[in-house]
Amino acid sequence: MLESTKVPALTRAIEILDLIGRIGPCSAATIIDELAIPKSTAYLLLGELKRQRFLSTDHRDNYCLWTRLVELSGLALARMDLRELARPRLTQLMDDCGLLCHLGIIDHANAYYILKIESSATISVRSHEGKNLSLYRSGIGKCLLAWQTEDVQNAIIGGLDWQQATPTTIAHPGRLREELARIRARGWSFDNGEDYPDVRCVAAPVFNASNQLVAAISVVGTRLQINDDNRDYLAGKAIACAKDISRLLGWKSPFEQHAS
């Protein structure tokens with residue numbers, strides 16, 4: 001990666017932030033070992049990242065992400081008009097279902113939550129805005145991937161790091177492509193405990209005026225909250241909500257397009 005970048009120091013700093021975000025607080029020795037960064041360079045970068053409040057150190061001298069990242073992410077998220085359009089609709093969906101709801105987007109080969117509407121349910125699934133999502137193990141991830149072009153799908157699938165996270169994880173390219181075709185055919189995706197064994201999720205796509213995928217929404221719960229008895233009902237609710245958000249972005253159904 002460093003051979004192709006014109007700003008290796010910046011690339012290494014970003015790699016440090018990504019590593020800590022992925023594995024949590026860690027020592028300088030772990031960072032140096034995991035990223036193969038020269039010791040002197042690592043300490044210079046860590047010192048500057050700490051000075052700029054991107055990092056801090058805990059009582060064990062482990063490096064952890066710090067407040068500057070929260071400030072910047074808040075500014076970025078506040079400028080995403082899609083979040084504000086979706087918020088009241090997702091809130092209504094949460095009220096109807098009594099379950100946690102998310103809005104997620106895809107950026108190249110990465111997917112993220114950009115909005116979380118927490119439920120008041122006694123049992124809830126832990127998540128956060130900005131969370132990186134698997135494109136083959138999560139409901140929103142599979143939904144976002146299903147509506148990509150074939151070339152984009154193939155490029156993303158070819159670069160996936162396959163992990164059998166649970167017994168139901170789809171960890172094979174051929175099986176994933178079959179799953180994506182089923183998702184497009186029925187209009188929604190389902191995470192059957194594929195990322196976390198006790199978590200279930202239904203997700204539906206959001207489109208813009210050009211009928212291009214821009215996001216996906218999801219309803220998330222435990223295996224007791226989302227099951228064979230209510231899965232289709234929740235999927236219908238998610239689809240209706242996604243269509244409402246899509247219409248706010250100028251999308252029209254085939255029937256509406258024909259009528260106009």
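Student: Cys26 first: buried or exposed?
Tutor: Cys26 is buried, at a relative accessible area of 6%. Buried means under 20%, exposed over 50% and partly exposed in between, with a 1.4 Å probe and protein chains only. This is a predicted model, in which local features need pLDDT of at least 70 and side-chain atom pairs count only at pLDDT 80 or more, while totals for chains, interfaces and linings use all residues. Residues are numbered from 1 along each chain as its sequence is written, and side-chain values use heavy atoms, with hydrogens and water left out.

Student: How many disulfides does the structure hold?
Tutor: The count is 0 disulfides, a disulfide being two cysteine sulfur atoms within 2.5 Å.

Student: Pockets now. How much space lies in the largest pocket?
Tutor: About 1700 Å³. A pocket is an open set of points on a 1 Å grid over the protein atoms alone, where a 1.4 Å probe fits, with protein on both sides within 12 Å along at least five of seven lines. Its volume is the space filled by probe spheres set on the points, which are joined across faces, edges and corners.

Student: Which residues are closest to its centre?
Tutor: Asp18, Tyr112, Gly130, Lys131 and Asn132, out of 38 lining residues. Lining means having an atom within 4 Å of a point.

Student: Which element gives the largest share of that lining?
Tutor: H4, with 6 residues. The elements that give two or more residues are helix H1 (8–23), helix H4 (67–78), strand E3 (100–107), strand E4 (110–117) and strand E5 (132–133). Helices (H or I, at least four residues) and strands (E, at least two) are DSSP runs, numbered from the N terminus.

Student: How do the lining residues of the largest pocket divide?
Tutor: Into 21 nonpolar, 9 polar and 8 charged. Ala, Val, Leu, Ile, Met, Phe, Trp, Tyr, Cys and Pro count as nonpolar, Asp, Glu, Lys and Arg as charged, and the others, Gly among them, as polar.

Student: What volume has the second largest pocket?
Tutor: About 210 Å³. Of its 16 lining residues, those closest to the centre are Tyr113, Val125, Lys131, Tyr196 and Val199. Helix H6 (139–146) and strand E7 (199–207) each supply at least two. By class, this lining has 8 nonpolar, 4 polar and 4 charged residues.

Student: Different topic. How many aromatic pairs?
Tutor: There are 2 aromatic pairs. Rings of Phe, Tyr and Trp (its six-membered ring) pair with centres within 6.5 Å; planes under 30 degrees apart are stacked, over 60 edge-to-face, and the rest tilted. Tyr136 and Trp162 form a tilted pair, 4.8 Å centre to centre with 55° between the planes.

Student: What does that pair tie together?
Tutor: Parts that are 26 residues apart in sequence, because Tyr136 lies in the loop between E5 and H6, and Trp162 in the loop between helix H7 (150–158) and helix H8 (173–186). Tyr136 is buried at 3%, whereas Trp162 is partly exposed at 25%.

Student: What about Trp147 and Phe207?
Tutor: Edge-to-face, with 6.0 Å between centres and 75° between planes. Trp147 is in the loop between H6 and H7 and Phe207 in strand E7, 60 residues apart. Both are buried.

Student: Which ring does Arg186 lie over?
Tutor: Arg186 lies over the face of Trp188, 4.3 Å from the ring centre. Arg231 lies over the face of Phe190, at 4.8 Å. The rule asks for NZ of Lys or CZ of Arg within 6 Å of the ring centre and within 35 degrees of the ring normal.
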